[in-house]
Amino acid sequence: MKNIGMVVFVIASLVLWYFTMSGFYEWWGSGGVIAGFVLAPISAVYPFLFWFKEGVFPVLYFAVWAVGIVGYVVSSSDE
């Protein structure tokens with residue numbers, strides 16, 4: 001289960017990073033892509049940033065975020 005949890009966590013993290021990069025590109029253009037690489041750790045809080053900036057609750061972003069957290073908990077649990 002630890003390996004499955006870690007794979008789920010990594011995939012969810014990459015998806016959130018992609019959402020962050022696409023959002024920054026949409027907001028700031030090509031400078032947003034550079035900011036996305038520099039500010040990669042902000043992907044963990046990106047659903048909140050999107051919610052604040054756009055004013056729309058991002059259900060998909062929070063769902064991916066929750067799946068990543070569950071994957072992390074599964075990977076860190078004792079068997």
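1. Ser75 lies in helix α4 of a predicted model, in which local features need pLDDT of at least 70, side-chain atom pairs count only at pLDDT 80 or more, and totals for chains, interfaces and linings use all residues. Residues are numbered from 1 along each chain as its sequence is written, and side-chain values use heavy atoms, with hydrogens and water left out. Helices (H or I, at least four residues) and strands (E, at least two) are DSSP runs, numbered from the N terminus.

2. Ser75 counts as buried because its relative accessibility is 10%; buried means under 20% relative accessible area, exposed over 50%, and partly exposed in between (1.4 Å probe, protein chains only). Apart from neighbours within four places in sequence, Ser75 is in contact with Lys2, Gly5 and Met6, where contact means heavy atoms within 4.5 Å.

3. Helix α4 has 18 residues and reaches 26 Å from its first C-alpha to its last, close to the 26 Å expected at 1.5 Å a residue. The expected span is 1.5 Å times one less than the number of residues. Besides Ser75, the buried residues of α4 are Tyr61, Phe62, Val64, Gly68 and Gly71. Their cover includes α1 and α3.

4. Helix α1 (residues 2-28) has 27 residues and reaches 38 Å between its first and last C-alpha, close to the 39 Å expected. Gly5, Ala12, Leu16, Phe19, Thr20, Met21, Gly23, Phe24 and Trp27 are its buried residues. Among the elements covering them are α2 (30-38), α3 (46-54) and α4 (59-76). Just after α1, Gly29 takes a positive phi of about 75°.

5. α1 and α2 pack at an angle of about 145°, with their axes 6 Å apart. Axes are lines fitted to C-alpha atoms, for helices over the stretch in contact, and angles run from 0 to 180 degrees between N-to-C directions. On the α1 side, Trp17, Met21, Phe24, Tyr25 and Trp28 meet residues of α2 that include Ser30, Val33 and Phe37. By class, this contact has 8 nonpolar, 4 polar and no charged residues; Ala, Val, Leu, Ile, Met, Phe, Trp, Tyr, Cys and Pro count as nonpolar, Asp, Glu, Lys and Arg as charged, and the others, Gly among them, as polar.

6. For the protein chain as a whole, there are 4 helices and 0 strands. Its C-alpha trace spans about 45 × 25 × 15 Å along the principal axes. Of the 79 residues, 29% are buried. Among contacts with a separation of 6 or more, 49% come from residues 24 or more positions apart.
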